[in-house]
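Welcome! Take a moment to look over the sequence and the structure below, and then we can walk through some of the details together.

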Amino acid sequence: MNVLLSWLQEFAPFDQDPTVLAETMTDLGMVVESVSETGNSWDGIVVARVLDLRPHPEADRIQLVDVDAGDGEALQICCGAFNMSVGDLVPLATLGTTMPGGLEISRRKLRGEWSNGMLCSAAELEVAEDADGIYLLDEAALATGNTTGAALNEALGVSTDVLFELDIEGNRPDALSVMGVARDLAARLGLAFQIPEPTVIESDSKAADRCSASIIDPDLCQRFGLRVLDNITVGESPGWMASRLTAAGMRPINSIVDISNYVMLELGQPNHTYDLSLVADGHLGVRRGRDGESLVTLDDVERPVGPDDGLIVNAADEPIGLAGVMGGASTEISDQTTSVVVEAAVWDRMTVAKTSRRLGLRSEASMRFERGGDPYVIELALDRFCQLAQELCGATVATGRVVEEGQLRPSAAAEVRIDKVNELLNTELSPADVSALLDPIGFATTPQVEADADGRGAVLAVDIPSWRPDSAVEIDVIEEIARHHGYSKSGLRVPTPTQAGRLSPTQQARRRVRRAILGAGYSEAMPMPFLAPDDLERAGLEDVGLRLSNPLVADESVLRTSLLPGLLKAVLHNQSHRNGPVRLYELGRVFHPSQDELPVEKEILAACASGFDEATDDASRSAAAAATQLLTRFTGELNLTGVGITNAEVPGLHPTRAATISFRGATIGAVGEVDPAVLDRFGVHGRVSWLEVELTPLVPALEKAVSYKTISFYPSSDIDLAFVVADDIPASAVLRTMVKAGGSLLQSAELFDTFRSTQLGEDRRSLAYRLRLQASDRTLTDTEVAEVRTACIDAVAAAHKAELR
């Protein structure tokens with residue numbers, strides 16, 4: 001936002017150096033991006049009087065104009081405009097002048113006639129958009145007495161000024177006005193802040209007899225106000241207003257539009273004018289749109305509206321404006337307009353935001369409504385508009401205002417603990433100090449709890465002003481205290497945490513899991529969490545993934561319920577680039593539909609390996625065996641006990657080479673080989689192992705401290721045992737039985753071979769295990785080894801009806 005120093009001075013006596021003011025505003029959070037001088041772009045442009053007009057002898061579209069530039073002599077100018085008369089006052093750019101647009105004026109010959117300067121249009125002076133004719137000056141409105149030859153900026157009352165370019169954050173709607181900036185700056189500098197009271201001369205006509213208002217949807221509008229003006233003369237704005245608007249970044253249009261923009265910039269309250277003769281019965285209503293409705297806006301574009309949009313309607317319930325965004329073409333001000341009704345309102349922030357974004361109609365007005373407005377500044381804004389319209393357009397103003405109220409935002413108040421203020425800001429402020437900081441910016445304070453004998457425990461009740469919708473609770477008020485006390489005055493301090501920083505149990509578990517899987521030689525893959533619509537079905541999984549309503553691409557429109565499709569795509573990518581066998585893992589989230597609004601998220605570890613022979617007869621070298629071995633290594637690395645696997649059919653995995661993983665009675669994952677049919681659908685060659693484990697159930701077990709025992713220095717004894725068991729008996733069950741029977745002397749046991757043969761019998765297989773026996777305090781005797789061996793054999797035979805090979 002751009003703010004002129006002279007404009008700020010209408011609210012408080014700012015006589016400080018502009019550099020000091022800029023530093024103060026920046027310290028208040030209204031960061032000054034730049035400071036520049038304005039009002040000198042018209043240097044070399046003077047007021048001249050037309051003495052004579054005559055045709056150019058060699059050109060039909062150019063006339064010769066003799067002007068008096070203040071020295072009493074006739075100066076010839078070649079001009080392409082024909083809207084002047086003898087005696088008119090016009091702006092003359094003298095030789096050597098550089099125009100606001102960068103054009104340098106020099107003596108030129110046009111079709112044989114010399115032009116000794118240039119007569120300027122309003123567009124060339126950047127005071128209005130009109131470029132069709134010369135900017136004719138109203139002698140009665142000029143500030144100087146002897147006007148001929150006077151500098152244009154002096155004649156129009158435009159003086160050199162200082163322009164501050166401010167960067168206003170989204171939480172400061174009050175600072176989007178000259179008044180708001182002046183209030184904040186005056187409070188910091190200890191200056192008296194005063195809002196000039198508009199003077200409006202009212203006619204005998206009553207506004208309430210000529211217009212009316214209604215709010216049909218109260219949640220859409222907090223307050224809606226109207227005033228009626230007659231005998232409007234629409235013309236160009238005076239130079240002082242045009243220059244202020246230009247400096248603020250708004251292009252002057254005409255007097256009525258410029259007054260509307262001027263009031264918005266000055267007071268922060270957008271407004272809109274309607275041609276009263278085009279408003280049916282003078283009635284303006286407020287309601288939400290309906291399906292199928294449309295409105296032709298001021299830019300002559302027909303726009304569809306619906307229940308998410310706010311509308312202004314006439315007595316016939318026809319839309320004539322988009323609330324807070326843009327007016328309708330049907331009630332637009334024109335050159336024939338003589339009576340207008342000006343409207344000021346405070347709209348629902350989110351409604352305006354949705355409409356402006358949907359239609360791409362972002363404006364200064366919609367931006368202010370989106371950030372929140374002051375419902376009680378409406379009367380001031382309407383009166384200020386009327387005052388300026390009387391001064392600049394000769395308007396007469398009907399008596400009174402028409403104001404309707406909708407659903408007002410509740411007034412906010414907060415209890416502010418002085419101890420909390422000092423704790424957060426590292427200050428030693430007293431209640432009186434805090435009141436002195438808050439009261440000047442409208443945060444009215446009242447002592448609620450007095451301080452004790454030690455000066456602690458004081459509490460202030462703070463009423464938050466209506467122009468600060470961004471503030472609601474204690475911490476918001478403390479931020480205002482910090483701003484006006486000065487961030488630079490708060491001592492530097494390193495906050496003392498309530499506890500030392502550390503990783504959460506889940507973060508610790510995640511790191512241990514990563515280390516374990518990396519130690520097994522697997523590389524991390526990071527597929528997108530979004531899948532193509534048919535990926536789940538191709539992976540042999542139930543197609544229940546949540547669909548995105550606004551996917552970036554169609555092939556990434558489904559939230560994954562499994563990590564399997566993403567990792568298979570990663571395997572395929574490596575195969576297509578001839579990278580050979582790969583070992584990949586992912587630690588990521590899956591999303592399952594639920595009855596609640598949000599899906600159920602689970603954090604899953606999944607690992608796969610490719611490159612296994614499709615026709616191998618050695619089960620120990622199969623993809624399923626590799627996955628099982630990885631699970632064994634993984635649980636051993638993490639010191640997890642109570643993990644078991646059970647043969648089962650798992651969606652997406654091989655019908656006879658898959659198992660579920662259980663931990664402390666609950667199923668937490670699956671292990672095995674990916675179904676060859678799934679691999680075919682994804683275009684993956686060979687066999688692929690698969691392991692997936694849910695992380696959350698493991699966290700409590702991984703929290704426990706790892707216990708260590710002394711390494712034995714005595715020799716160990718290895719024995720191999722092979723059992724013939726039924727196919728439905730899991731190898732892990734046999735292993736658990738031997739571990740239990742082996743007791744403290746059994747240091748490790750692992751499956752190293754699986755064998756099937758017709759000689760073993762139908763639906764039976766041989767499982768070969770290697771057991772390592774070792775004592776911590778002695779060398780085991782042959783008898784002790786034999787006793788452990790016999791105990792393991794007897795236990796497996798009894799528990800699983802196994803036969804020793």
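## A predicted model

Please keep in mind while reading that this is a predicted model. The places named below can be found by their residue numbers, which start from 1 along each chain.

## An open sheet

Let us begin with a sheet. Five strands make up an open sheet in the order S5-S4-S3-S6-S9, and their pairing is antiparallel. At its edges are strand S5 (74–79) and strand S9 (118–119), each of which pairs on one side only.

Further in, strand S3 (residues 45–56) and strand S4 (residues 59–68) run antiparallel and are joined by seven bridges. To see the two strands facing one another, look for Pro55, which stands opposite Gln63 in S4. Strand S3 also holds Leu51.

## Salt bridges across the chain

There are 45 salt bridges in the structure. One of them brings together the side chains of Asp27 and Arg188, with an N to O distance of 3.0 Å. Asp27 belongs to helix H2 (residues 18–27) and Arg188 to helix H5 (residues 178–189), so this pair ties together parts that are 161 residues apart in sequence. Asp27 is partly exposed, at a relative accessible area of 23%, and Arg188 counts as partly exposed at 23% relative accessibility.

Another salt bridge connects Arg514 and Glu524, whose closest N and O atoms are 3.1 Å apart. Here Arg514 sits in helix H15 (residues 505–519) and Glu524 in strand S27 (residues 523–524), 10 residues apart. Arg514 counts as partly exposed at 26% relative accessibility, and Glu524 is partly exposed too, with a relative accessible area of 35%.

## A salt bridge within a helix, and a network

Arg483 and Glu480 also meet through their side chains, in a salt bridge of 2.5 Å from N to O. Where do the two lie relative to each other in helix H14? They are three residues apart in helix H14, so about one helical turn separates them. Both Arg483 and Glu480 are buried.

This pair is part of a wider arrangement. A network of salt bridges links Arg172, Asp174, Asp184, Arg468, Asp470, Glu480 and Arg483.

Now for the surface. Glu33, Glu165, Asp167 and Glu169 form a negative patch there. Within this group, Asp167 is found in strand S10 (residues 161–167). Its relative accessible area is 33%, so Asp167 is partly exposed.

A nonpolar surface patch is made by Leu424, Val473 and Ile475, which together have about 250 Å² of accessible area. Val473 lies in the loop between strand S26 (459–463) and helix H14 (474–485). At a relative accessible area of 44%, Val473 is partly exposed.

## Two distances to explore

To finish, here are two pairs to look up in the viewer. Leu51 and Leu89 are 38 residues apart along the chain, and 9.8 Å separates their C-alpha atoms.

Gly636 and Arg417 are 219 residues apart along the chain, with their C-alpha atoms separated by 55 Å. Gly636 lies in helix H18 (residues 623–637). Is Gly636 buried or exposed? Gly636 is exposed, with a relative accessible area of 53%.

Note on methods
This is a predicted model: local features need pLDDT of at least 70, side-chain atom pairs count only at pLDDT 80 or more; totals for chains, interfaces and linings use all residues. Side-chain values use heavy atoms; hydrogens and water are left out. Patches are made of residues with over 30% relative accessible area and no salt bridge: like charges are joined within 9 Å, nonpolar side chains (Val, Leu, Ile, Met, Phe, Trp, Tyr) within 5 Å. Accessible areas come from the Shrake-Rupley method with a 1.4 Å probe; for residues, only the protein chains shown count as cover. A salt bridge is a side-chain nitrogen of Lys or Arg within 4 Å of a carboxyl oxygen of Asp or Glu. Lys and Arg count as positive and Asp and Glu as negative; His and the chain ends are not counted. The place of a charge is taken as NZ of Lys, CZ of Arg, CG of Asp or CD of Glu. Helices (H or I, at least four residues) and strands (E, at least two) are DSSP runs, numbered from the N terminus. Buried means under 20% relative accessible area, exposed over 50%, partly exposed in between (1.4 Å probe, protein chains only). Two strands pair if DSSP finds at least two bridges between them.
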